[in-house]
Amino acid sequence: MFNFKTNLLNKMKNKALFFTNLKSFILIATFFSLWLAVYFEDTVEDFFAYFLILSLGILHGTNDIKLIERTSKAHKKKNSYRTLIIYVSTISISILLFYFLPIITLSLFIILSAFHFGEQHWSSKIIDKNIYAKLINLFYGMIILFMLFYTNHIEVSPIIENITGINPHKVFYKYTLAFSSLLFVIFGLVMYSKKKIKTNIIEELFYLVVFFIVFYTASLLWAFAIYFIFWHSIPSVADQVYYLYGNLKKENFYNYLKSSILYWFISIIGLSILYFLFYNEGRLFLSIFFTLIAAITFPHIWIMARFNKQF
């Protein structure tokens with residue numbers, strides 16, 4: 001019993017040390033990426049952005065099937081096939097919804113993505129997963145997304161227009177950002193006063209300032225990639241490895257990569273074909289690219305919500 005407690009304590013210490021070092025790496029990578037945004041043209045930034053999104057970005061969602069099997073305890077081969085069919089069907093339905101109901105589908109995607117980003121950031125920092133915690137997740141993610149939209153509105157609005165036929169004004173992003181910030185502060189103070197949040201407020205404000213500087217300085221695609229890869233995908237992969245294998249040893253990251261390689265390869269081939277077919281179309285390509293990323297994201301958000309309940 002004593003050995004079990006000692007091993008558990010050491011395991012938790014190693015996890016805490018890993019994520020502390022990971023946070024330092026992410027900050028360094030972010031400032032390096034900011035340097036790239038200052039000294040390189042948008043075409044160079046876009047190249048690096050596509051590379052990161054198609055590698056680490058896609059990778060962090062390629063183990064969804066294994067995660068849903070673990071969370072639902074569906075380990076039989078028959079259930080694996082059924083899970084895969086449901087997963088692919090969800091992506092197909094999402095693409096159809098973007099075609100027939102673009103405004104509703106895009107709005108739903110933004111809301112769910114906001115919650116997903118917030119959940120990834122706050123899942124280990126909020127003790128009680130009540131309704132206030134969910135609202136904090138949602139409005140924190142809305143701050144991130146609408147900060148990105150507001151600082152890159154010249155690029156964002158035409159993409160939204162290509163998808164929905166509506167061209168939002170800069171003021172819409174500004175007021176949505178302000179409204180989300182206000183509600184986040186209100187619900188955050190409620191949870192903080194009840195001692196349900198364990199984080200450094202100054203540190204969290206510093207991160208938001210860093211995000212704003214990055215979003216304001218970089219092109220839309222590079223700004224999105226910096227947040228999506230370094231602040232979302234990499235921590236998510238670490239969480240998944242810890243959940244699936246019980247620790248964060250190098251060999252387990254290799255096992256994670258090995259189990260993801262087939263789905264990752266299929267995704268890369270599909271998106272690469274799309275890239276070569278539509279890249280010269282500019283904004284139309286970005287619209288199609290983000291639509292497909294959104295379609296892939298829908299089932300991933302659902303799976304990760306179930307994952308975070310058990311993590």
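The protein chain exposes about 16900 Å², and carbon and sulfur atoms supply 70% of that area (Shrake-Rupley method with a 1.4 Å probe; for residues, only the protein chains shown count as cover). The model is a predicted one, in which local features need pLDDT of at least 70, side-chain atom pairs count only at pLDDT 80 or more, and totals for chains, interfaces and linings use all residues. Residues are numbered from 1 along each chain as its sequence is written, and side-chain values use heavy atoms, with hydrogens and water left out. Of the 311 residues of the protein chain, 48% count as buried (under 20% relative accessible area, with exposed meaning over 50% and partly exposed in between; 1.4 Å probe, protein chains only).

The protein chain holds 12 helices and zero strands (DSSP runs numbered from the N terminus: H or I of at least four residues for helices, E of at least two for strands). Contacts (heavy atoms within 4.5 Å) reach across the sequence: among those between residues at least 6 apart, 78% join residues at least 24 apart.

A loop residue comes next. E41 lies in the loop between α1 (2-39) and α2 (42-59), and E41 is exposed, with a relative accessible area of 59%. Although E41 and A218 are 177 residues apart along the chain, their C-alpha atoms are separated by 9.6 Å.

Two helices can be checked for length against the expected span (1.5 Å times one less than the number of residues). Helix α5 (residues 102-122) has 21 residues and should therefore span 30 Å, which agrees with the 30 Å between its end C-alpha atoms. Of these 21 residues of α5, 15 are buried. Helix α7 (residues 153-164), with 12 residues, reaches 16 Å from its first C-alpha to its last, close to the 16 Å expected. The buried residues of α7 include V156, P158, I159, I160 and I163. Just after α7, G165 takes a positive phi of about 85°.

Helix α6 (residues 131-151) and helix α10 (residues 220-245) pack at an angle of about 155°, with their axes 10 Å apart (axes are lines fitted to C-alpha atoms, for helices over the stretch in contact, and angles run from 0 to 180 degrees between N-to-C directions). The two helices α6 and α10 are therefore roughly antiparallel to each other (over 145 degrees; under 35 is roughly parallel, 65 to 115 roughly perpendicular and the rest oblique).
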